[in-house]
Amino acid sequence: MRKLFPILAAAVLLAACSPKASQAPAEEGGNAVIEAIMARRSIRAYKDTPVPRELLQQIAECGVNAPNAINAQNWAVRIVDSPDYIDGLTAIYKEANAEMVARNPNFKNMFNGAPAIIAVAAPNTTISGVDSGLLGENVMLAAYSLGLGTCCMAGPVRFMNTDPKAAPYLKRLNLPEGYDLLFVVAVGYPDESPEARPRDYGKIQFAD
Ligand SMILES: Cc1cc2nc3c(=O)[nH]c(=O)nc-3n(C[C@H](O)[C@H](O)[C@H](O)COP(=O)(O)O)c2cc1C
């Protein structure tokens, strides 16, 4: 039996990663973590329902439990759910991107219409970027497990980091000196369930 275990474990893992098994809920004997990884999708349409602050806090705490180099925790996480902030910044964004916004009849705000964001900043070093990326995925998987939708977004961050009119909003994040805003995770109750975008499993190879 001991010899059989690795084979059985590999078979279970392979089955869990197939699209069919990824839909099997944990209570039916599926694997909750693998199900979440395989089923999470970027959400670009949200309900207006606000996200309770306890949930935003909880998913941010899952974020900072990500592995990070020498546990230095070189990151800053800011939760924003204030309509004053999101709508005020969006008004500036709309002014600067009028044509693009006009082309999207469903445009609600610059964060894909989400009622909240979790902004992630780090000192400008390569390894902090890795730490922050891992943090972001933890946030998104935790959110998924709680019925929330998310989308990692760099587009709005480019705007926040470069448009002079957005500077007061960047300042309101109160980031430590020398930290750059890297990405935001839009968070809200999903109003769509998009199909998975195709993945190229050919990128994975065993190397001898
Ligand atoms: C660093 C990064 C930046 C991204 N920026 C945006 C963005 O600005 N707007 C957006 O709608 N999606 C953005 N995405 C989401 C990707 O488009 C999405 O993850 C990818 O197409 C795969 O789809 P999936 O997340 O549904 O599996 C970003 C993702 C990452 C990791």
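The exercises below work through the fold, salt bridges and a pocket of a predicted model.

Residues are numbered from 1 along each chain as its sequence is written. In this predicted model, local features need pLDDT of at least 70 and side-chain atom pairs count only at pLDDT 80 or more, while totals for chains, interfaces and linings use all residues; side-chain values use heavy atoms, without hydrogens and water.

**Exercise 1. State how many helices and strands the protein has, and their order.**

Solution. Helices (H or I, at least four residues) and strands (E, at least two) are DSSP runs, numbered from the N terminus. The protein has nine helices and four strands. Read from the N terminus, the order is α-α-α-α-β-α-α-β-α-β-α-α-β.

**Exercise 2. Locate aspartate 48 and lysine 108, and describe the contact between them.**

Solution. A salt bridge requires a side-chain nitrogen of Lys or Arg within 4 Å of a carboxyl oxygen of Asp or Glu. The closest N and O atoms of aspartate 48 and lysine 108 are 3.0 Å apart, and the two residues form a salt bridge. Aspartate 48 lies in the loop between α3 (32–39) and α4, and lysine 108 in the loop between α6 and β2 (116–123), so the pair ties together parts 60 residues apart in sequence. For accessibility, buried means under 20% relative accessible area, exposed over 50%, and partly exposed in between (1.4 Å probe, protein chains only). Aspartate 48 is exposed at 62%, and lysine 108 is partly exposed at 42%.

**Exercise 3. Treat the pair arginine 53 and aspartate 81 likewise.**

Solution. Their closest N and O atoms are 2.8 Å apart, in a salt bridge. Arginine 53 sits in helix α4 and aspartate 81 in the loop between β1 and α5 (83–96), so the pair joins parts 28 residues apart in sequence. Arginine 53 counts as exposed at 58%; aspartate 81, at 22%, counts as partly exposed.

**Exercise 4. Describe the second largest pocket by volume and lining.**

Solution. On a 1 Å grid over the protein atoms alone, a pocket is an open set of points with protein on both sides within 12 Å along at least five of seven lines, and lining residues have an atom within 4 Å of a point. The volume is about 370 Å³. The lining has 18 residues, with Asn104, Phe107, Asn109, Asn112 and Gly113 nearest the centre. Helices α6 (98–102) and α8 (155–162) each supply at least two lining residues.

Conventions: On a 1 Å grid over the protein atoms alone, a cavity is a set of points where a 1.4 Å probe fits but cannot get out, and a pocket is an open set with protein on both sides within 12 Å along at least five of seven lines; lining residues have an atom within 4 Å of a point. Grid points are joined across faces, edges and corners, and a volume is the space filled by probe spheres set on the points.
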